[in-house]
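Q: Hey, can you walk me through this protein? I'm new to reading structures.

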Amino acid sequence: MFSIPGLKVISLTDAAAVRIREIMAQSSQEETPALGLRVGVKKGGCAGMEYTFEIAREIAKGDEVVKEKDATVIVDAKAVLFLLGTELDFRTDRFSSTFVFNNPNQVSACGCGESVEIKPREGALAAQ
């Protein structure tokens, strides 16, 4: 497990925790039980990276498991340095509902909001 004293990889707002619990409840009837919501990052989009989500059915070596407010988030091992200190929120407005990353490592975002530029957390590489 990766950790820096006093710094969580990811934290959840109440709204995000509620939505994650709803997603897990919906997938509980499937043959392979869901362990949590996997979040990560991948290359793509005009700003360089995109956040990813999927139902996690296994925990891979190096993944960070965050249990908070009766919800479980599994941070992909390749995304940990990009998500250190991030708060995951869930917002609903008149036309959409979406998870929102309040990421201190995010440098910029494209105009449509689908992709972001993220730099690894300062000093995090030295702490490994």
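Q: Let's start with Asp89. Which residues does Asp89 touch, not counting residues up to four places away in sequence?
A: Leaving out those residues up to four places away, Asp89 touches Thr13, Ala15, Ala16, Thr98, Phe99, Val100 and Asn102. Keep in mind that this is a predicted model.

Q: Okay, and where is Asp89 found?
A: Asp89 is found in strand β6, which covers residues 86-92.

Q: Is Asp89 buried or exposed?
A: Asp89 has a relative accessible area of 13%. The cut-off for buried is under 20%, so Asp89 counts as buried.

Q: What polar contacts does its side chain make, then? Start with Thr13.
A: The side chains of Asp89 and Thr13 are joined by a polar contact of 2.7 Å. The Asp89 side chain also makes a polar contact with the side chain of Arg91, at 3.1 Å.

Q: How many of its residues count as buried?
A: There are 128 residues in the protein chain, and 40% of them count as buried.

Q: Back inside. Which residues touch the most other members of the largest nonpolar core?
A: Those are Ile10, Ile20, Val75 and Leu83, in a core of 27 residues. The elements giving two or more residues to this core include β1, α1 (14-26), β5 (71-75) and β6. The largest share comes from α1, with five residues.

Q: Tell me about Ile10. Where does Ile10 lie?
A: Ile10 lies in strand β1, residues 10-12. Its relative accessible area is 0%, so Ile10 is buried.

Q: What does Ile10 touch, not counting residues up to four places away in sequence?
A: With those left out, Ile10 touches Val39, Val66, Glu68, Val73, Val75, Thr86, Leu88 and Phe101.

Q: How many residues apart in sequence are Ile10 and Val73?
A: They are 63 residues apart in sequence, and their C-alpha atoms are 8.4 Å apart in space.

Q: What share of contacts in the whole chain comes from residues 24 or more positions apart?
A: Counting contacts with a separation of 6 or more, residues 24 or more positions apart account for 56%.

Conventions: Residues numbered from 1 in each chain as written. Predicted model: local features only at pLDDT ≥ 70, side-chain atom pairs only at ≥ 80, totals over all residues. Heavy atoms only, no water. Helix = DSSP H or I, 4+ residues; strand = E, 2+ residues; numbered from the N terminus. Buried < 20%, exposed > 50% of the residue type's maximum accessible area, 1.4 Å probe, protein only. Polar contact = N/O pair within 3.5 Å; in protein donor to acceptor, adjacent residues only side chain to side chain. Contact = heavy atoms within 4.5 Å. Core = buried A, V, L, I, M, F, W, Y, C linked by side-chain atoms within 4.5 Å.
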